[in-house]
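Thanks, everyone; let me put the structure up, and then I would like to go through its charged pairs and one of its sheets.

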Amino acid sequence: MKNRKFLATFSLSLVVAAATVFCTMPVQAAELSMAKSAAQVSYGNVSASERAVLKSLFDYEYYKKMNPDVVAKFGDNKDALFNHFVRCGLYEGRSLSANFNVSAYASAYSDLKGKFGSDIIKYYIHYAAIGSKENRPVTTLAAAAKAGVTVTSIADSTVVLTPAAITYAEANGITDPAAAMAAAPKASSSSSSSSSGGSSGGSSSSSSSSSSSSSSSSSSGSESSGSGGSSESGSGESGEISTDPTLAATATVYVGETTTLTIANLPAEATVVWASSPEIVATVEDGVVTGKSAGTATVTATINDGELTLTCTVTVTEPETPEQIAAKVSADKLAIEDATYTAFNATVGDDDTAFRTAVLTTANDAATNYDWTISNVSGFVTTDATAEAIEVTVTFATTASETVTATATVELNVAEPVAVTAIAVTGAESATTVAAGSSLQMSAAVTPDNATDSSVVWSAVDSSDAAITGVSISTSGLLSVESTVAAGTEIKVKATNTASGVVGQTTITTTAAADPGTPDPDPDPDPVSYIITYDYAGGTVETANPTSYTVGSDAISLNVPTKSGFTFAGWTITIGGNTTAASTTVQLSDETITGPATVTATWTANSIPASIQVTGVTDDALTITKSGDTATADITVTVDPGTEEVTTFTVVSENAAVTVADSTFTINAQGNIVTLTGTANTTDAVNVAITCGTASKTIAVTVEGF
């Protein structure tokens with residue numbers, strides 16, 4: 001065993017990926033806040049220092065458990081999984097540990113969202129360096145749900161998760177966000193309300209009590225939104241609430257119809273008293289709100305005799321008249337008829353969903369009055385090249401309890417498809433060889449680039465188009481060669497466009513597998529780097545200092561900051577709660593103390609002596625003239641302490657208020673005003689000494705006129 005001594009020092013580091021990783025997405029997301037598909041993802045690259053931060057947070061066991069699709073493709077090697085996260089998982093919204101979900105963190109803190117936007121890596125750096133110091137506790141989906149935060153995936157803005165959806169998904173093992181959003185309301189409406197008391201309340205409100213709030217949330221022409229209305233906690237006799245009950249912040253209902261409010265996370269033994277004010281707008285009974293007249297009402301749920309109070313703002317509106325509905329349906333119908341649908345070879349197709357999506361592209365922005373669907377398209381195929389339009393039935397959902405159907409005519413644009421004419425197949429970086437036991441990414445460039453169908457099917461065969469043992473190619477064009485394939489084997493890689501029948505191909509030749517060599521019985525560990533945060537304590541540096549340090553590297557000299565009126569006195573280094581001092585060169589002598597570091601500048605104030613100014617004297621001399629039986633004068637003393645720790649001054653007579661030729665002289669100092677008094681002529685001047693810190697001034701005082 002080699003004897004090594006490690007020093008953790010501050011420096012820039014470069015970490016090179018050990019293996020090439022190609023990004024892939026599962027059919028169903030491995031995590032709730034992941035992007036729906038690779039098409040929604042913007043992949044990028046991380047710097048060496050950013051990679052170091054991610055590695056300090058990465059939990060290998062968690063990532064392996066949560067991402068079986070990645071393990072199935074790349075194995076359970078630690079380096080391979082970390083490389084996948086850095087290259088792919090980071091941008092797809094996969095979490096690197098159970099303690100941090102970047103989408104929850106970004107959604108919970110709007111100041112960070114405004115500062116970092118969609119730059120995912122910035123949230124990780126903030127969390128690792130200063131997030132905990134700033135008391136930002138929402139770092140997981142569960143914490144976001146508890147805090148009432150609606151989470152939008154940082155990797156895919158179309159993935160939005162309400163607190164109820166998160167709670168339901170985590171309780172039932174759901175990882176598909178759409179399924180979670182759809183199932184959460186059903187979960188809350190699967191049980192009914194039970195009453196445990198009568199009603200109470202004043203004339204301006206209606207109220208009722210209930211032993212639980214698991215009443216169904218069904219209504220006619222109503223909606224509720226928000227994950228938590230306002231709450232006020234107090235003390236009650238029913239015991240402390242151990243859960244975190246929440247009520248929708250807002251709800252809507254039509255006059256004459258009802259909507260049911262549900263309190264989530266309410267203990268079964270809890271009691272609830274419902275009240276609504278004003279009653280003329282809406283009433284409530286066991287959580288069921290009835291609209292009475294147009295306006296706004298506040299519905300209050302008081303839990304356990306005041307232990308907790310929740311409120312919901314209910315907006316009551318008049319239902320639309322048949323004439324209003326007809327006018328809006330007519331406007332939406334016209335918007336749909338403004339759309340066009342392009343059919344190739346005069347074939348509209350038999351997929352209702354595809355047709356509706358195509359029409360939706362141009363019509364949905366205008367047809368916004370009601371949600372709408374198209375029917376009677378399925379199975380429709382036209383072979384008439386002169387067809388100009390297709391007639392469809394459109395169903396408009398005007399309210400929760402009413403639908404209106406109308407017939408719309410969509411313009412049909414018959415066109416010839418643009419066929420593929422050529423396909424150029426190449427290996428990554430124009431490679432023409434691949435080593436046995438490795439892989440090579442292939443690409444296909446289709447001509448023309450506006451082809452109607454530019455998809456290709458990959459195959460890897462020998463010169464006679466027969467399969468080669470140990471050689472395979474994925475649907476994305478990743479060519480894989482097992483280590484048993486002989487060097488010199490020629491592989492014909494083909495990309496076929498099924499629609500046109502055009503085939504592009506190239507030949508890739510195998511080379512011998514790389515010699516792994518003799519393993520080092522005592523290999524050097526991979527370098528570990530951590531982030532550095534600087535606190536210059538009011539100073540500045542002309543050239544920025546390194547943003548990370550690497551355990552085991554040499555010590556470095558940091559650029560020294562400057563600060564007006566002060567002299568730099570060195571650094572203090574804090575890592576994991578341990579603080580040490582350092583000069584301009586920083587390093588750690590104990591390799592066991594590692595982690596993100598905070599480096600703070602220390603300063604010594606430059607020495608500036610105190611100075612004394614006296615107002616009311618001339619050339620440091622003062623003559624006091626008799627007025628009555630005494631001669632009195634005031635002088636004002638001003639002290640500039642410089643950098644000395646002084647706050648007061650001292651005034652004394654060098655003659656200690658002595659009698660001079662039967663004359664007396666006294667001094668009285670209050671604040672910064674000094675009163676000098678004499679009762680007889682002084683034949684000689686009395687010296688008055690004023691001192692403050694290391695500064696001093698002497699005033700010669702003479703009394704005359706007696």
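Which residues are linked in a network of salt bridges? They are Asp-69, Glu-92 and Arg-94, where a salt bridge is a side-chain nitrogen of Lys or Arg within 4 Å of a carboxyl oxygen of Asp or Glu. Before I go further, please keep in mind that this is a predicted model, in which local features need pLDDT of at least 70 and side-chain atom pairs count only at pLDDT 80 or more, while totals for chains, interfaces and linings use all residues. Residues are numbered from 1 along each chain as its sequence is written, and side-chain values use heavy atoms, with hydrogens and water left out.

The whole structure holds eight salt bridges, and another of them joins Asp-465 to Lys-494 at 3.6 Å, N to O. This pair links distant parts of the chain, 29 residues apart, with Asp-465 in the loop between E23 and strand E24 (471–473) and Lys-494 in strand E26 (residues 490–496); strands here are DSSP runs of E, at least two residues long, numbered from the N terminus. Asp-465 is partly exposed at 43% relative accessible area, whereas Lys-494, at 16%, counts as buried.

E26 also brings us to an open sheet of four strands, ordered E21-E27-E26-E23 with mixed pairing, where pairing requires at least two DSSP bridges between two strands.

Notes: Buried means under 20% relative accessible area, exposed over 50%, partly exposed in between (1.4 Å probe, protein chains only).
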